[in-house]
Amino acid sequence: MVASRAVGSLSRFTASRMLRCPGYICRSFTRSSALLTRTHINYGVKGDVAVIRINSPNSKVNTLGQEVHSEFIEVMNEVWSSNQIRSAVLISSKPGCFIAGADLNMLTACTTSQEVTQISQEAQRMFEKVEKSTKPIVAAINGSCLGGGLEVGVPAAFDMMLTGRGIRADRAKKMGLVDQLVEPLGPGIKPPEERTIEYLEEVAITFAKGLADKKISPKRDKGLVETFYLTELTSYAMSIPFVRQQIYKKVEEKVRKQTKGLYPAPLKIIDVVKTGIEQGSDAGYLSESQKFGELAMTKESKALMGLYRGQTLCKKNKFGAPQKEVKQLAILGAGLMGAGIAQVSVDKGLQTILKDATLAALGRGQQQVFRGLNDKVKKKALTSFERDTFFSNLTGQLDYQGFEKADMVIEAVFEDLSLKHKVLKEVEAVIPDHCVFASNTSALPINEIAAVSKRPEKVIGMHYFSPVDKMQLLEIITTQKTSKDTTASAVEVGLKQGKVIIVVKDGPGFYTTRCLAPMMSEVIRILQEGVGPKKLDSLTTSFGFPVGAATLVDEVGVDVAKHVAENLGNVFGERFAGGSLEVLKGMISKGFLGRKSGKGFYIYQEGVKNKNLNSDVDSILASLKMPSQPDVSSDEDIQYRLVTRFVNEAVLCLQEGVLATPTEGDIGAVFGLGFPPSLGGPFRFVDLYGAQKIVDRLRKYEAAYGKQFTPCQLLVDHASSPNKKFYQ
Amino acid sequence: MWTIFKVFIEFVNNTASVLCFCVFFCPRGMWDRSSLTGIQPAPPALEAVQAKSKQTLAKPNMRNIVVVDGVRTPFLLSGTSYKDLMPHDLARAALSGLLHRTSVPKDVVDYIIFGTVIQEVKTSNVAREAALGAGFSDRTPAHTVTMACISSNQAMTTAVGLIASGQCDVVVAGGVELMSDVPIRHSRKMRKMMLDLSKAKTLGQRLSLISQFRLNFLSPELPAVAEFSTNETMGHSADRLAAAFAISRLEQDEYALRSHSLAKKAQGEGLLSDVVPFKVPGKDTVTQDNGIRPSSLEQMAKLKPAFIKPYGTVTAANSSFLTDGASAVLILAEEKALAMGYKPKAYLRDFVYVSQDPKDQLLLGPTYATPKVLEKAGLTMNDIDAFEFHEAFSGQILANLKAMDSDWFAQNYMGRKAKVGSPPLEKFNIWGGSLSLGHPFGATGCRLVMATANRLQKEGGQYGLVAACAAGGQGHAMIVEAYPK
């Protein structure tokens with residue numbers, strides 16, 4: 001009875017999505033039985049196969065909205081009632097996208113959980129109709145197929161429901177999610193994307209015909225005897241209630257551990273599955289729609305949807321196309337950052353020069369790039385040949401040869417103003433007029449670096465986060481003299497490197513470092529007050545930070561933290577005070593620089609998973625011990641002391657115009673600093689938690705510690721007028 | 001005397017207006033034995049054919065290079081009569097056949113070049129081993145070239161280069177492939193251990209190395225059947241190519257059937273005169289190709305797709321099969337050939353090599369090479385009397401024909417203003433092709449050139465065009481001009 005099959009297609013032309021021409025999307029069929037034009041879904045009949053095309057107008061992707069639901073049901077009813085039609089093919093007319101999931105706007109528009117539940121039930125009915133169809137339906141999927149989109153075509157697997165991770169087409173085939181793969185075609189009689197969709201449709205039609213004629217059996221073949229055996233065994237085991245209970249328990253435990261109870265959805269999914277198995281599918285469906293409705297109304301859901309929108313915004317270049325495309329990039333300094341920047345550049349086809357002063361340092365950097373690419377080969381994300389081709393885009397050198405052709409130079413030398421001045425002057429002597437000079441610094445003000453430049457309009461800050469190939473954020477810093485074209489160029493390169501970009505105004509610590517610094521200062525104070533690093537880490541991670549606060553200091557590097565704290569402390573004075581700098585200085589003097597030196601608050605050993613505390617730090621902390629204040633030292637207070645200082649500084653950045661929009665503030669904090677994603681970023685947090693409550697907390701801590709906790713004016717404004725929101 | 005004569009020829013060849021002059025002043029005897037190529041008033045056979053864009057492709061100050069003749073062993077399905085041979089045995093058979101056919105004195109040959117693809121490691125310079133065995137002078141140097149399916153084309157054009165630059169006068173070019181036996185290696189881990197063992201000095205070192213041995217070291221490494229850069233097999237790429245050009249299974253089967261039928265006919269009529277019998281040691285003498293098997297469309301339709309399963313269109317019946325075989329041609333400077341009293345079969349004229357995307361355009365070499373070589377020679381499609389294209393797959397041939405006939409493809413992918421047009425089928429591979437005759441990778445190029453030369457001689461045509469695709473996304477085309485009768 002279940003007759004839905006999927007024909008998936010490896011999508012490897014995501015980059016060319018924008019290039020497609022719109023001319024071929026609407027095609028009419030001579031034998032179409034229903035020429036009634038619908039907005040999203042149309043169908044034609046080829047022989048005895050109905051070809052149902054999904055194509056939401058004016059959008060790059062198809063999403064499941066109410067109109068789509070109703071049109072889909074209409075079309076399916078016609079398909080089922082027609083005698084001429086014996087099977088159907090479901091396909092998207094958009095290259096690279098089948099259905100990207102539910103329409104977020106539709107969900108956002110709902111004000112109650114009942115509304116969402118109703119939408120969910122409509123969708124369920126749609127999926128159920130497809131599943132119970134008496135006529136075989138083949139889903140021909142080209143490109144992204146997410147969430148509800150996947151449900152339209154295929155029954156989802158346990159693992160995937162929970163984590164929502166991406167699955168490549170070949171893996172989907174192995175998992176049994178799809179039945180056949182169609183490889184994308186190259187150029188032929190038409191542009192590749194266009195012909196690939198046609199071909200996918202042709203193949204899907206043969207499958208649909210074969211299914212209707214019973215020439216192909218819808219049963220999925222079990223490749224290996226073992227797989228078959230295991231499946232049988234699993235299904236037998238699942239029929240024993242006791243075993244089931246154990247499995248639920250185990251899964252729940254695992255989920256709780258992973259989510260720390262911060263994300264409600266995974267646990268509810270388990271509930272739904274449990275209901276479905278224990279009480280039958282009707283109860284399961286009902287429970288699913290209700291839970292979905294409840295979830296859509298949660299703060300977490302709003303926070304995450306906000307982040308999704310913000311991320312989409314920060315993946316656009318609002319400064320327009322630069323006058324000259326950057327093709328030749330040069331990076332100064334082959335350290336961790338320089339090599340990381342090189343890695344994310346060469347695999348995007350940018351010709352990249354990596355320059356360092358010594359052969360040893362250069363070699364280490366080149367090896368880092370190679371290892372980064374090779375790791376992808378091991379994970380089968382790249383072929384060894386692609387790795388070699390990408391690696392050939394990298395030129396390692398000790399001199400300035402070829403800089404005369406560079407379109408952009410990114411310096412990632414040591415954080416020392418005089419050194420940066422030196423390389424800036426050296427580079428400006430060799431680069432062409434149009435070349436942009438970008439500085440990868442986390443704290444040195446760009447205008448101070450640009451002070452020695454002959455062409456300050458070409459100087460900009462590009463603050464990458466470590467490890468560059470993993471961290472998505474790029475913070476671009478413009479001075480008053482930086483030209484718009486220079487900014488456009490920097491954003492363009494960042495986007496090419498796959499980054500999510502925020503553009504902020506120059507100032508000490510820019511945005512990200514400036515928010516982090518007061519929080520770090522608080523971290524040190526809390527440690528000095530006698531809370532151990534492990535305890536502090538667990539308090540911060542249970543609040544939603546992906547990395548514990550003490551571990552974060554180790555990751556950033558104790559010397560870097562001290563450097564920043566000192567610098568910003570000098571500029572901002574008392575507001576950045578709190579913990580004593582002596583703690584960091586003491587650690588540096590003993591060589592505890594964090595992960596990179598093997599010791600920080602923790603001891604890091606190759607191959608050892610559970611890191612141990614570095615007991616040598618205890619004496620440093622003991623000698624600098626501060627008395628703790630019991631009324632502001634509960635676990636919750638400690639969490640909020642950290643978070644409110646962060647949030648207050650972020651709002652101040654918006655108030656001072658360092659940030660242009662709250663969205664950029666949220667994206668920067670979540671993607672660059674690991675601000676809890678479940679809270680959506682500092683600004684979303686203020687909106688959802690309530691500005692008044694935050695101000696109240698700040699006042700309480702202000703009473704204990706003074707000016708460091710004084711709420712900024714903008715935050716006070718928001719607290720005093722409850723209608724004021726960062727997001728309307 | 002000879003040099004004066006040569007200058008004279010070149011002079012005349014390039015100046016049509018002096019035709020009357022030379023006819024008028026030439027001693028009669030000279031006309032008879034010389035080769036005043038293509039300047040004869042249109043030969044009778046060509047009278048019906050439309051006038052050519054150029055009367056000849058001879059170029060000023062360039063030596064004319066001719067093919068005197070060429071031979072090949074019968075091409076056999078791998079695993080049949082040649083299965084116990086080594087590649088140099090086959091190559092030697094081709095060389096011996098050429099010596100016999102042309103009676104060229106062995107010590108006159110300046111150089112020998114062979115093409116091959118899957119190398120037998122024991123005879124990595126298979127040209128040298130074959131030449132020595134065939135009794136060529138041990139003073140005749142030989143080297144081996146490789147360029148996938150156009151390896152022997154590369155051998156021939158290398159010969160052209162050597163002669164044109166004045167380094168050689170007489171060169172033997174050929175190709176060989178023995179797919180019945182391919183080098184299967186130990187795994188890298190096993191090889192490493194064995195090499196380390198050979199360097200180990202003490203018993204302890206040996207034992208510690210042996211202790212690292214794992215059973216999986218024994219799993220062998222087969223020669224790659226896939227494109228190294230993309231990891232895609234050629235058949236898979238051909239299937240995608242056919243789909244990109246919307247070529248149906250039926251069209252492919254029909255083309256394959258055509259190839260087999262034409263080959264059968266040519267074989268029956270004795271047109272495949274380049275084939276020389278080969279007495280295989282311990283076996284019967286092989287006299288003809290054994291892969292020619294015309295079938296019916298119904299039977300071909302029953303086959304399952306070989307690469308993209310279950311919905312692909314490339315099957316065993318519409319693909320070229322794994323083949324054993326060798327070929328060789330004798331290439332000379334024209335004046336040398338004439339001095340030695342030969343009556344050459346053809347001139348080797350302009351040639352090109354092209355390369356493109358090895359993933360999506362792996363087999364489109366002929367599409368890129370054909371317009372380029374025509375342009376270089378100053379000819380058009382209409383000037384060509386005989387087309388010989390390498391048939392890797394029906395789908396590949398049909399895709400190339402469609403691509404050459406597409407303005408859209410020419411404009412968007414080849415940077416040309418318009419299509420070159422597709423060759424008329426009545427002039428195209430009419431004595432069969434690689435699909436039916438077989439395709440020993442390294443040897444096919446010489447077969448194509450000899451088929452062209454023989455067809456031009458037989459049909460009285462003047463220009464022939466050879467084209468082929470090759471792994472790595474490369475391609476080749478060459479113009480062959482008939483030697484006037």
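Let's start with one residue. A:Ser580 sits in a loop of chain A, between α22 (558-572) and α23 (581-589). Keep in mind that this is a predicted model.

What does the side chain of A:Ser580 reach? The backbone nitrogen of A:Glu582, at 3.0 Å. Now set aside the neighbours within four places in sequence. A:Ser580 is then in contact with A:Ile524, A:Gln528 and A:Met626.

Next, the annotation around that residue. For chain A, an unreviewed UniProt entry lists "domain: 3-hydroxyacyl-CoA dehydrogenase C-terminal" at residues 509-604 and 641-718. Take residues 509-604 of chain A: 62% helix, 2% strand. The end C-alpha atoms of that span lie 29 Å apart. Then residues 641-718 of chain A: 73% helix, 0% strand. Here the end C-alpha atoms are 20 Å apart.

On to chain B. How many helices and strands does chain B have? The count is 17 helices and 12 strands. Chain B has 485 residues, and 56% of them are buried. Look at contacts in chain B with a separation of 6 or more: 80% of them join residues 24 or more positions apart. The accessible surface of chain B is about 20,400 Å². Carbon and sulfur atoms account for 57% of that surface.

Chain B has its own annotation. UniProt, again in an unreviewed entry, gives "domain: Thiolase C-terminal" for residues 342-481 of chain B. That stretch of chain B is 36% helix and 23% strand. Its end C-alpha atoms are 17 Å apart.

Now the interface. The size of an interface is often given as the accessible area lost when the parts come together. Between chain B and chain A, the buried area is about 1,700 Å². Carbon and sulfur atoms give 63% of it. In residue terms, the contact takes 19 from chain B and 20 from chain A.

What about the polar side? Between chain B and chain A there are 0 salt bridges. Polar contact links 3 residue pairs across the interface, counting pairs with both residues at pLDDT 80 or more.

Which elements of chain B give two or more residues to the side touching chain A? They are α9 (234-244) and α15 (407-413) of chain B. The top contributor is α9(B), with 5 residues.

Definitions and conventions
Residues numbered from 1 in each chain as written. Chains lettered and ligands numbered in written order. Predicted model: local features only at pLDDT ≥ 70, side-chain atom pairs only at ≥ 80, totals over all residues. Heavy atoms only, no water. UniProt positions renumbered as here; feature names shortened; annotations may be inferred. Helix = DSSP H or I, 4+ residues; strand = E, 2+ residues; numbered from the N terminus. Polar contact = N/O pair within 3.5 Å; in protein donor to acceptor, adjacent residues only side chain to side chain. Contact = heavy atoms within 4.5 Å. Buried < 20%, exposed > 50% of the residue type's maximum accessible area, 1.4 Å probe, protein only. Areas by Shrake-Rupley, 256 points an atom, 1.4 Å probe, with all protein chains shown as cover. Buried area = accessible area lost by both parts, 1.4 Å probe. Salt bridge = Lys/Arg side-chain N within 4 Å of Asp/Glu carboxyl O.
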